[in-house]
Amino acid sequence: MEFTLKKYLQNEDNNYHSENALELVKIYGTKEELEEIQKIYDNHMERGHILSEEMDKRYKISNKYYKKLLQTEKSRIERGLNEMRDNS
């Protein structure tokens, strides 16, 4: 299943911030970032909470990719609008 802005926002509503970070880095991040976010995610799930330094690191990495997700969504919408215009 494609990870979309809609899914991201649903996850945010459910406090699935680590899941969102992991999905964003899987799509846009580097191998090293994915390893770091996966480690943070695993520790978070094992402990049942996230440490503040992990939260800071997770945010720093995932925030730059949230902006890419927004751009991807914007491009998808623009393509759809262009197709509608072309078909009318």
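Here are a few friendly notes on a tyrosine and on some salt bridges in this predicted model.

1. Some ground rules. Residues are numbered from 1 along each chain as its sequence is written, and side-chain values use heavy atoms, with hydrogens and water left out. As the model is predicted, local features need pLDDT of at least 70 and side-chain atom pairs count only at pLDDT 80 or more, while totals for chains, interfaces and linings use all residues.

2. Y8 sits in helix α1 (residues 5-13); helices here are DSSP runs of H or I with at least four residues, numbered from the N terminus. Y8 is buried, at 12% relative accessibility (buried means under 20% relative accessible area, exposed over 50%, partly exposed in between, with a 1.4 Å probe and protein chains only). Beyond its neighbours within four places in sequence, Y8 contacts F3, N20, L24, Y66 and L69 (contact means heavy atoms within 4.5 Å).

3. The whole structure holds five salt bridges (a side-chain nitrogen of Lys or Arg within 4 Å of a carboxyl oxygen of Asp or Glu). One of them joins K64 and E33, at 2.7 Å from N to O. K64 belongs to helix α4 (residues 52-86) and E33 to helix α3 (residues 31-47), so this pair ties together parts 31 residues apart in sequence. K64 is partly exposed at 41%, whereas E33 is buried at 11%.

4. K57 and E36 also form a salt bridge, at 3.4 Å from N to O. K57 lies in helix α4 and E36 in helix α3, so the pair links parts 21 residues apart in sequence.

5. R47 pairs with E54 in a salt bridge, with the closest N and O atoms 2.3 Å apart. R47 is partly exposed at 34% relative accessibility, and E54 is buried at 11%.

Methods. Helices (H or I, at least four residues) and strands (E, at least two) are DSSP runs, numbered from the N terminus.
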